[in-house]
Amino acid sequence: MQVMQIRDAHVLVCGAGGFIGGHLVNVLFAEGAASVRAVDIKPPHEWYQINPAADNQVLDLKLRDACMEAAEGMEGVFQLAADMGGMGFIENNKALCMLSVLINTHMLLAARQAGVRRFFYSSSACVYNGEKQQDYDVVALKEEDAYPAMPEDGYGWEKLFSERMCRHFHEDFGLGTRVARFHNVYGPLGTWMGGREKAPAAISRKVLEAKHSGLHEIEIWGDGHQTRSFMYIDDCTKGVVDIFQSDILEPINLGSSELVTINQLVDIAEDIAGVKLKRNYNLSAPKGVNGRNSDNTLVEKYLGWEPSIRLRDGMAKTMAWIEEEMLAGATSK
Ligand code: NAD
């Protein structure tokens with residue numbers, strides 16, 4: 001098995017202008033990477049973070065030539081670029097989500113051609129079979145539960161297909177692919193408004209808006225009994241680093257196993273903001289599966305730890321950042 005360390009390596013982060021990619025660039029420098037190339041399709045003023053020590057480039061990675069340019073001279077690739085968002089976005093933009101297959105296809109081809117040694121791919125818990133997520137009282141999802149395949153329509157099918165491409169690029173071409181299935185990641189410096197935000201950011205924003213406007217009401221998508229787990233960004237980037245450097249050849253869960261209902265998530269946000277709100281449930285809004293949790297048996301076995309930052313602690317940091325942005329009059333990125 002080939003050893004691959006981040007220390008002293010030249011690495012590429014695709015989607016570096018986004019939430020997780022932006023944090024990852026900083027973590028890779030802290031891990032001792034020799035150089036970090038950071039690429040995103042967005043103009044620089046829309047990136048959540050720009051690390052001036054990185055080689056920051058604006059490229060459309062749906063295009064094969066752009067992928068070739070990005071991969072040149074790189075030893076490691078972190079492929080996080082995707083057209084994505086929370087349930088409100090992915091349920092209404094299935095074709096756009098599936099077009100991310102162009103990014104994954106061209107980045108894998110470019111990595112192979114450039115002689116990249118290791119390729120990390122960010123998959124999602126949306127690959128899991130929907131039939132196993134119908135109960136609120138969910139049994140945590142094990143990696144094998146992705147098959148027989150019945151993933152989230154659009155976004156989930158694209159992720160599952162790209163996971164398979166990673167597998168076959170390894171088997172047929174010897175590219176060192178590693179795949180993590182992220183379960184709901186949240187934290188500061190990510191999307192919190194504009195339609196692509198996910199539940200923790202959306203609820204944080206709504207609770208803070210209610211606090212500041214004095215209109216003590218909140219709209220909740222679904223009946224509030226849906227169950228989920230949420231992973232704080234620092235656990236996510238630690239997991240990405242460890243999985244990238246590991247010998248784990250199969251897709252592996254990277255998520256928290258602290259299960260809460262959406263109502264409990266609202267309780268936490270209200271408690272942090274110091275308000276109590278009247279809850280209006282919108283039963284026709286997109287709400288995703290009824291229940292989802294991450295089974296962390298494999299991640300504990302291989303890495304000796306699991307994401308464990310408490311939701312209350314991560315939400316306090318996230319809400320503090322969103323409140324600052326809100327008060328500064330920030331607009332959507
Ligand atoms: P994000 O939307 O903040 O970041 C993705 C970035 O990719 C964006 O900045 C976007 O501009 C960029 N991008 C899109 N198309 C591109 C293109 N053609 N060329 C170059 N860049 C392009 O999302 P995120 O939350 O940071 O997620 C990162 C990855 O993790 C994605 O692949 C996502 O599917 C996956 N994931 C995230 C979560 C989560 O909860 N955030 C959960 C599961 C999986």
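This is a predicted model: local features need pLDDT of at least 70, side-chain atom pairs count only at pLDDT 80 or more; totals for chains, interfaces and linings use all residues.
Pro148 sits in the loop between strand E5 (118-124) and helix H6 (155-173), where helices (H or I, at least four residues) and strands (E, at least two) are DSSP runs numbered from the N terminus. Residues are numbered from 1 along each chain as its sequence is written, and side-chain values use heavy atoms, with hydrogens and water left out.

**Backbone**

- Asp8 has a positive phi, near 70°, in a residue other than glycine.
- Asp8 belongs to the segment before strand E1 (10-14).

**Around the ligand**

- The ligand is surrounded by 26 residues, each with a heavy atom within 4 Å of it.
- Ile20, Asp40, Asp60, Tyr155 and Val185 are the closest of these.
- Polar contacts are pairs of N or O atoms within 3.5 Å; within protein, one must be able to donate a hydrogen and the other to accept it, and residues adjacent in sequence count only if both atoms are side-chain atoms.
- A nitrogen atom of the ligand lies 3.1 Å from a backbone N or O atom of Ile41.
- For Leu59, a backbone N or O atom is 3.4 Å from a nitrogen atom of the ligand.
- For Ala82, a backbone N or O atom is 3.4 Å from an oxygen atom of the ligand.

**Helix H7 against H11**

- Helix H7 (residues 199-213) packs on helix H11 (residues 311-327) at about 55°, with axes 10 Å apart; axes are lines fitted to C-alpha atoms, for helices over the stretch in contact, and angles run from 0 to 180 degrees between N-to-C directions.
- H7 and H11 are therefore oblique to each other, since angles under 35 degrees count as roughly parallel, over 145 as roughly antiparallel, 65 to 115 as roughly perpendicular and the rest as oblique.
- The contact (heavy atoms within 4.5 Å) involves residues including Pro200, Ser204 and Arg205 of H7 and Met315, Met319 and Ile322 of H11.

**Helix H7 against H9**

- H7 and helix H9 (residues 262-273) cross at roughly 45°, their axes coming within 10 Å.
- That makes H7 oblique to H9 as well.
- Ala199, Pro200, Ile203, Val207, Leu208 and Lys211 of H7 meet Ile262, Leu265, Val266, Ala269, Glu270 and Ala273 of H9.
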